[in-house]
Every structure is written in structure tokens, then in C-alpha cells.
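I opened a new notebook page for this model and went through it feature by feature. Here is what I looked up, in the order I looked.

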Amino acid sequence: MTQTVAVLGTGKIGEALLSGMIRAGWRSVDLLVTTRRTERADELRDRYGVESVTNAEAAKRADILILAVKPQDMGRLLDELAPHITADRLVVSAAAGIPTSFIEERLTSGTPVVRVMPNTPVLVDEGMSVISGGSHATAEHLAHTEGIFGSVGKTLRVPESQQDAATALSGSGPAYFYFLVEAMTDAGILLGLPRAQAHDLIVQAAIGAAVMLRDSGEHPVKLREAVTSPAGTTISAIRELENHGVRAALIAALEAARDRSRELASGNG
């Protein structure tokens, strides 16, 4: 049976999902979008052939509603949707830090809710979306959600109690790598390389290392040791990283990200 999917809040992540779904075989006529601006609605209609509707109309017509709004906008959106959503709808939240219980309490009793934490590489079909079911979500609901987010990368199911940790690792994870690339580029300039060359060297090293991690099945320690010769250049660099507490700093950073996710979930935004 054909299902109608509505993306509510079609910013960058919402548009990435929309584009990925169409490439994966969804028909434009089965997709709805909501936007704040008329110009944005016209842009999405011209680009993807989808219909732009109000939030209330999306709630009435769609079988699956994807809430791709900012966490601070979720309460207001749910107040708008609640009178129109029946318990046979699937509600998928892609808002950071918002627990399924927050959404379930504001909708018709028994409404299935699935929580998803995507990351920005969904924009290039290399995302990781971490999926957790609420108290009324079934395996079928989770499978529907995986089908949607699988069109823009990989998916992983975890208990909702692990979502804050997943947000720290995966949701925020790309930023850590960009930060590292930025720092290494500056180091390359200090060592005498032009910025463009330093950037290209580091980005390709990152891509190659990521592919080896994904495809080799080897533990990262073994891959690192394969580059680390006795008394060589790499071990000298590793010693400095350890001396400066980089490992401890990363652990502390991820703990801080997890704790902030918990604060958002508790409403202390």
C-alpha cells in the first residue's frame, strides 16, 4: 500500500531526506512538505515536484509525519498538530534531545513515535541515523523509519536510553573531524605547505582512513600500528598527542556533548 509521507520543517536535513527518498523510489505525489516561507515552498515544488501544505493539512493527509524542526520549536508544532493526528499515524522526530515521551504526551494516546538522530552527512548520502522506538512503536514502524533514513546513509537501532550518547558520538561527530582537519591544515601551513595543498592532503588521508576502517574490519589500533614504525615520524607525533592529553580531551568533549543532550531533553535549553 502506498503511504504518504510529510516532511515538516524542510530545512537542510528535511530537504536531504526528501531528495534521498525520491532517488530511492518514492513518488513525488506521495510526498508533502511544510515550510515557513512561500518562496521556500515554491523552490521545493519546482525542484522535486512535491506539494507544500500547512502543518494541519499534513497531519490530516500523511501516514508518516517527519518532524524535522529545531528542538525549541517542537512544543509549538505539536500543539498545532495534536488536534489532527490520530493513533494510526507514525510520527518520526529528528529533533535533537527531544524524548519520545515528550511527543507521546502531547498526541492522541497510542500514537507511535520514533526518535531519530541523523547527522549532516545525510546531505551527501553518507549519513548515520540512530533510531529508537517509543512506547507504542512496533518493529514495522521502525522498519518504515529505516527505509526513509536509509535512503541517505546508514541506520542503527539503539535503546532510547543510548540516544544522548549517540548524539555525542554521531550527531555531533562530523564537527569533531572538521575541527581536526582545521587544526591539521594550520599545522601544514606552519610546516611550509600552501593552504590548498595541506587541505587536499588531509582530506584525502581522512577519506582513505575512513574507508579502511569501514572495509578492512580491522581494529583502529591495528591500522594505526601499521603506520607506526619504531623510532619513526608517526610515533613521535603520537607521543606528542598523548603528552598533550588529546585522548582525555576527546573523552571529556563527548561527555560534555552527552550532558548537553540530556539538558535539552529535560527542557533546560
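**Entry 1: the whole chain.** I started with burial, and 38% of the 269 residues of the chain count as buried. I kept in mind throughout that this is a predicted model. The C-alpha trace spans about 70 × 40 × 35 Å along its principal axes. For secondary structure I noted 12 helices and eight strands. I then checked the contacts with a separation of 6 or more, and residues 24 or more positions apart account for 63% of them.

**Entry 2: the sheet.** In what order do the strands of the open sheet run? I read off E3-E2-E1-E4-E5-E6-E7-E8, eight strands with mixed pairing. At the edges I found strand E3 (51-52) and strand E8 (153-157), each of which pairs on one side only. Next I looked at individual pairs. Strand E1 (residues 5-8) runs parallel to strand E2 (residues 31-34), with four bridges between them. One detail I wrote down is that Val7 has Val33 in E2 as its bridge partner.

**Entry 3: around E7.** E7 pairs with E6 in the antiparallel sense over four bridges, and Val116 stands opposite Ile131 of E7. With E8, the pairing of E7 is parallel and has five bridges; here Gly127 stands opposite Gly153 of E8. Is E7 mostly covered or mostly uncovered? It is mostly covered, as five of its seven residues are buried.

Why does Ser129 count as buried? Its relative accessibility is 0%, and the cut-off for buried is under 20%. Leaving out residues up to four places away in sequence, I listed what Ser129 touches: Val116, Met117, Pro118, Val122, Phe149, Lys154, Thr155 and Leu156.

**Entry 4: Val158.** I moved on to the loop between E8 and H7, where Val158 lies. Val158 is buried because its relative accessible area is 14%, under the 20% limit. How far apart in space are Val158 and Ser132, C-alpha to C-alpha? I got 5.6 Å, for two residues that are 26 apart in sequence. Ser132 is also among the residues that Val158 touches, together with Val130, Ile131 and Gln163, again not counting residues up to four places away in sequence.

**Entry 5: H7 and H8.** I looked at how two helices meet. The axes of H7 and helix H8 (residues 173-190) come within 5 Å and cross at roughly 35°. On the H7 side the contact is made by Ala168, Leu169, Ser170 and Gly171, and on the H8 side by Gly173, Pro174 and Tyr176. By class I recorded four nonpolar and three polar residues in this contact, and no charged ones.

**Entry 6: the second largest pocket.** I noted a volume of about 820 Å³ for this pocket. Which of its 30 lining residues are the closest to the centre? They are Gly9, Gly11, Ala68, Val69 and Lys70. Helix H1 (12-23) and helix H4 (74-81) each supply at least two residues of the lining. The largest share comes from H1, with three residues. Sorted by class, I have 12 nonpolar, 11 polar and seven charged residues in the lining.

**Entry 7: backbone check.** My last look was at phi angles. Most residues other than glycine have a negative phi, so I wanted to write down the exceptions I came across.

- Asp125 has a positive phi of about 60° although it is not a glycine. I found Asp125 in the loop between E6 and E7, and it is partly exposed, with a relative accessible area of 31%.
- Ala231, also not a glycine, has a positive phi of about 55°. Ala231 is in the loop between helix H10 (220-227) and helix H11 (233-243). Is Ala231 buried or exposed? It is exposed, because its relative accessible area is 81%, over the 50% cut-off.

Methods: Residues are numbered from 1 along each chain as its sequence is written. This is a predicted model: local features need pLDDT of at least 70, side-chain atom pairs count only at pLDDT 80 or more; totals for chains, interfaces and linings use all residues. Side-chain values use heavy atoms; hydrogens and water are left out. On a 1 Å grid over the protein atoms alone, a cavity is a set of points where a 1.4 Å probe fits but cannot get out, and a pocket is an open set with protein on both sides within 12 Å along at least five of seven lines; lining residues have an atom within 4 Å of a point. Grid points are joined across faces, edges and corners, and a volume is the space filled by probe spheres set on the points. Ala, Val, Leu, Ile, Met, Phe, Trp, Tyr, Cys and Pro count as nonpolar, Asp, Glu, Lys and Arg as charged, and the others, Gly among them, as polar. Two strands pair if DSSP finds at least two bridges between them. Buried means under 20% relative accessible area, exposed over 50%, partly exposed in between (1.4 Å probe, protein chains only). Contact means heavy atoms within 4.5 Å. Axes are lines fitted to C-alpha atoms, for helices over the stretch in contact, and angles run from 0 to 180 degrees between N-to-C directions.
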